[in-house]
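Subject: Structure handover

Hi,

Here is the structure for your files. My notes on its core and salt bridges follow.

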Amino acid sequence: MCRKSVWQTASSNICMLMKHKEDPAYNELLNKIAESFEFANDLAKQASLQYEMELHQIITGKITDEKVIENLLDRMLDFAFHPDVLEQFKSLCRYYLNINPSATVHYIQAYREMWNS
């Protein structure tokens with residue numbers, strides 16, 4: 001089952017709210033917020049495609065360069081609200097755990113703080 005992202009859920013909720021208000025300014029504001037959520041979700045999908053290639057290169061190439069791995073983890077954190085990126089983030093954390101356990105814990109904690117999960 002495909003889980004809806006936080007952004008997709010928020011966007012859907014905003015659209016429902018828009019149907020319940022008659023104030024045009026309110027509807028315009030909610031519409032702009034919904035568009036922002038949709039834009040962020042689209043960016044996350046694009047990022048996921050890029051990250052997939054980099055993740056594959058790291059894992060199949062058995063790359064252990066911490067700077068390379070942490071650079072990708074840092075970028076993934078920005079889009080970890082999206083289910084595809086979150087799965088990639090988890091995969092890279094599992095891989096990185098054998099290389100640098102303490103740094104991996106740091107990234108997991110950063111995810112939890114950023115996305116409250």
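A nonpolar core here is a set of buried Ala, Val, Leu, Ile, Met, Phe, Trp, Tyr and Cys residues joined through side-chain atoms within 4.5 Å. Buried means under 20% relative accessible area, exposed over 50%, partly exposed in between (1.4 Å probe, protein chains only).

The model is predicted: local features need pLDDT of at least 70, side-chain atom pairs count only at pLDDT 80 or more, and totals for chains, interfaces and linings use all residues. Numbering runs from 1 along each chain as its sequence is written, and side-chain values use heavy atoms, without hydrogens or water.

Core first. The largest one has 24 residues; Y51, I69, L73, M76, F79, F89 and L92 touch the most other members. Helices α2 (24-60), α3 (66-78), α4 (83-97) and α5 (101-115) each supply at least two residues. (Helices are DSSP runs of H or I, at least four residues, numbered from the N terminus.) α4 gives the most, with 7. Leaving out residues up to four places away in sequence, M76 contacts Y51, V85, Q88, F89 and L92 (heavy atoms within 4.5 Å).

Now salt bridges (side-chain nitrogen of Lys or Arg within 4 Å of a carboxyl oxygen of Asp or Glu). The whole structure has 3.

- E54 and R75 pair at 2.4 Å, N to O. They link distant parts of the chain, α2 and α3, 21 residues apart. E54 is buried at 17%; R75 is partly exposed at 28%.
- E28 and K32 pair at 3.4 Å. Both lie in α2, 4 residues apart.
- K90 and E87 pair at 3.8 Å. Both lie in α4, 3 residues apart.

Best wishes
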